[in-house]
Amino acid sequence: MPHRTFFWFILPSALAMLLFIAFPLVSVIVQSLHVEHEQILVTSENCGPFGCKQSTSVDVEATAKLKDAAPLGRFNSLGTYMDRGHLATAEISQAWSTTDSWRAFFSRVMNLPFYKALAFTLAYTAVVTPLVILFGLAVALGVNGLPKLVKGPTIFISLLPMIVTPLIGSLILYWMIDADGILGKGLQYIFDDPALSLKASPLLTWLTLFTYGVWHGIPFAFVVFYAGLQTVPEETLEAAMIDGASRWERIRYVVIPYMGPLFVFVALIQLMDNFRVFEPIIGFSAQANASSLSTEIYGDLLGDNAQYASAAATSMLTVIGVAILLTPVLIRTWRDFNRKAV
Amino acid sequence: MAIASKRRSTPLVLISSVLVLAWIVVAAFPFLWTLWGSFKVQGDFFSKADWMNALWGTRTVIETGAPFTGAGYEGAWIEKEFWRAALNTGIIVFFTVIISLTLGTLGGYALARSGYRYAFWLLMLALVFRAMPHITLVSGYLLPFFEWNLWGHIPTTIVVLVAINQPFTLWMLHSFFLNIPKDLDESAMVDGCTRFQAFRHVIVPVMWPGVITTGLFSFLLAYNDFTVTALLLNQENQTMIPKIASFLGSTQVEGNVMFAVAAVVSATAPLFVLILFFQRQIVSGLTAGAVKG
Amino acid sequence: MNMFKTAALGTVFAVLSGTTAIAGCGIGAGNVSIIANDFPAIHAITDAAKACADDGLTVTANMTKEHQTLNAPGMSGNPAEYSVAVVANSSIVALLNDGLIRPLDDLIAQYAPDLPNVNKVTVDGKVMAVAFMANAQHLFYRADVLEKAGVAVPTTYEEVVAAAEAIRAAGIMEHPVALNTGAGWNLAEEFINMYMGTGGELFEAGSAVPTIENENGVAALNMLKSLTEYSNPDFLTFDSNATQALWEAGDTALSVMWGSRGAAVLDNEGSSEDVVSSTVLAAAPTLGGGATPATTLWWDGFTIASNVSDEDAAASFQAMMVGLSEDVVKANQDAAVWLNPAYVATPASAGVIASAEAGANPYPMLPYVGLMHSALGDNLAEFLQGSESAEQALADVVAAYTTSAKEQGFLQ
């Protein structure tokens, strides 16, 4: 396709992304390299409905002068990326030199917010992504074998976990798994342990979040795979059957290879979404036992003091993390692309 | 079509049926529980005393005199005017899907037909864009939007949703167009069509299945969005999900959780109709599209 | 605290001296645009303010849970999108820090010369906000359960622990205690409440240097831990909804909850008659022999944007004062603990008023307290789970706070 035609076709889409993603991205990068000006503090008597007290406040005029002189703030280079709230290089090297066992070093590192969040984020991504693909495929294969009449309602029901807004979906599930809820009581009955609570221990909280992640992710994988199954060429399958291939062998050697690109697509989207896990942690009130890069960003932005530089740095680290995770997929796409004739 | 539906052994049929049945239970049970519970009072549906209260409606009988109550629906739809939010969501979702698909179809087609390196890098860049956490983007919009008086309006939100959704739409439609044989539009061009004419007269008629499938995902994104709509719309333009969140109350003040539950259940109903309506297109759409990731 | 008493309890006085609401508002022209949280008390105010709208005067309100994220950007432009922001003592600081709100002294002198001092929030002698309601966390107890266990009503946290032990020993409840100890904002708030009860200071006077790594901090943490030992093991997920549900189900007998939840606890929705009839709201307990209740007092109030015309500011101020008039308060007695002479104390507000009268501290209105709050919320759970010492938890808090305070320019 000539450059000119390409340009006009892509223009509206590219313009939208340029304005609303690329420009903000640049400003996020700039923001992550700066920190706020020194805040000039003054002490004065402050009063309220509950009495007066000597208190500290920001000298707005003096601070505003500093701000006007350099609106972006103080240039901090990669300082924010390296501080304790993010990569914590100083703390890591200190932990390295003052601990004498891996265990001690590891527990020191896990006490740092970024690594704590990264550990859960990676565990979540690593557990949920493959399970979503596996169960999504299994459900797709199962639904594909159903009689035509029940296929439609089955597809609708299968989409429900994705349709119901996580805001309420997780709230209701949260009550169902409560020690006094229907699922919580059910589990207590099954495991014969009346004290069992999914909310109390870190391990069970993680498992609950993983389960929710899989439950919520299956519909997407299912829809894509189910459609893919419709395109597997009948002739190839029949040829395989004539050659005496069992059903499992047909799936393993015909269906799965044919759907290769679909797995790539689902893996790509799922890796990216799972790496940004946020809603279940909030929905299940699991902040005591699990934090993710996204919850760190929300925490920075939505507190009483919004910390834009810190949030910007964590966002950039998230983007970099996603890029690293996706590298294998990207290399594959690059090869496919180069095979395509100009 | 279906994979060797002929001559399937009984154990296999059994296993796959059991599996599908198990999935249906797992997928539908929380929703059915919610549907049932939406006709109870909060003390029953979210009971700390005994979960079976939700079945028998113990407190519902005490508080309303009957085992079922429509108080949640009445409160959400009439008292809190949830229909306004539903209407706003309808407008936003409709335009977001239409515009997303229009831009995405043109862009995806170009990306699928261009063999130059920059097309690849554009696709990669779109992925990087998609990796940005939405909250970071949205909090960056706030200052300029307020400054330029763009904040709070429905069109602004539509444009933002379209833009944020573009990377996914581009990727999915690009994969779809890769599957449409090149010969189709190229032979049209040999016959003297311009690229755009070829696109309009040859590609558009065969692209609907893929477009509708991509539309389903665009739809769900706009429909379920919280971050963008909660932070970019003012109260009169509020959509369903932030409205539902507002029913939940805050740390200090108790909310009306049952309004939220009723609202969620009623918000699912149009989707049921929609999916049954588009079901064949969705399936046949994916049939042709999205196959080359 | 005498000011508070007069405001909240001086009903007789109010009937004698209260001004009558101005008919038809008589505000004149201007644009009033309010951003506020979304709850019934504020709805009452904005509805009354909106009723003033006429040909020359427009009144709009955006009431959203995201008000805290939106108010600063919305007041930054010139002219600002919002002329009024309703804030609390925690959220006013973001607006103060950036100079987004204007002193109200002139407006008060001109339009509300009789405004009692209790409603004035002053910084360095200038009134920056008009407070209209109060709130605090305090003790809720079940009189019947305490009687059955044979213990007196606790007034100190040590007695709360002893009473909890007595209830458990008597086999009445295994987990009689509940506090809002959900990790994050709630847990941090509980720590600050407790720490205030020890008489400790969060920061060095006049600077942003944290001073919580001391025996007061450890004492506050240890008390939280002893209390959570009598809580349901899920205590790290407890928010207000959870503690209220436990209370209404009759599962707890000694809870520390928000006073603003009192009305909902005492109504007959959601819980049985025997729970409601024996629920009593009392002042927050003290700690370690101190005299100050271990809680923090909160107010909600309105502020006026700097970047609006004087005409709009005057209209906004007057419209909000109409919203705060005695008629509104009288019609919405149950909606809040109003800082208004027309407010009649109810059983639901007893705990807040008792805590205030006993001299509880306000939640500190410091420019950097939000950073401390976040750091506390993120770092105390491990101590309560028993996987970290109190000293280590406090050291983590200080390290996290110091990092963010440096980024925000409060520490060098």
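Q: A residue counts as buried if 20 or more other C-beta atoms lie within 10 Å of its own, as exposed if 12 or fewer do, and as partly exposed in between, with C-beta atoms placed from the backbone. How many of the nine residues of helix H11 (residues 240–248) of chain C are buried?
A: This is a predicted model, in which local features need pLDDT of at least 70 and side-chain atom pairs count only at pLDDT 80 or more, while totals for chains, interfaces and linings use all residues. Residues are numbered from 1 along each chain as its sequence is written, and chains are lettered from A and ligands numbered from 1 in the order in which they are written. The buried residues of H11(C) include Ser240(C), Gln244(C), Trp247(C) and Glu248(C). Helix H11 of chain C is largely enclosed by the rest of the structure, because the number of its residues that are buried is nine of the nine.

Q: Which helix of chain B do the buried residues of H11(C) pack against?
A: Helices (H or I, at least four residues) and strands (E, at least two) are DSSP runs numbered from the N terminus, and two residues are in contact if their C-beta atoms, placed from the backbone, lie within 7 Å. Within chain C, the buried residues of H11(C) pack against strands E5 (126–142), E6 (177–179) and E7 (254–258) and helices H12 (262–266) and H13 (273–278). From chain B, the element they pack against is helix H2 (42–45).

Q: Is Ala291(C) buried or exposed?
A: Ala291(C) is found in the loop between strand E8 (279–282) and strand E9 (296–304) of chain C, and, leaving aside its neighbours within four places in sequence, Ala291(C) is in contact with Thr286(C) and Gly359(C). Because Ala291(C) has 9 other C-beta atoms within 10 Å, this residue is exposed.

Q: Which element gives the most to the side of domain 1 of chain C that touches domain 2 of chain C?
A: With bounds that come from an automatic or database domain assignment, chain C is divided into domain 1 (2–135 + 297–357) and domain 2 (137–296 + 361–407). Their centres, taken over C-alpha atoms, are separated by 29 Å, and 19 residues of domain 1 of chain C are in contact with 23 residues of domain 2 of chain C. On the domain 1 side, the elements that give two or more residues are helix H5 (92–97), E9 and helix H16 (350–357) of chain C. The element that gives the most, with five residues, is H16(C).

Q: How many residues of the side of chain C that touches chain A are charged?
A: The contact takes 58 residues from chain C and 42 residues from chain A, and the largest share of the chain C side, six residues, comes from H19(C). In the classes used here, Ala, Val, Leu, Ile, Met, Phe, Trp, Tyr, Cys and Pro count as nonpolar, Asp, Glu, Lys and Arg as charged, and the others, Gly among them, as polar. Beside 30 nonpolar and 21 polar residues, the number of charged residues on the side of chain C that touches chain A is seven.

Q: How many helices has chain B?
A: Buried residues make up 53% of the 293 residues in chain B, and its C-alpha trace spans about 80 × 70 × 30 Å along its principal axes. Chain B has zero strands, and its number of helices is 14.
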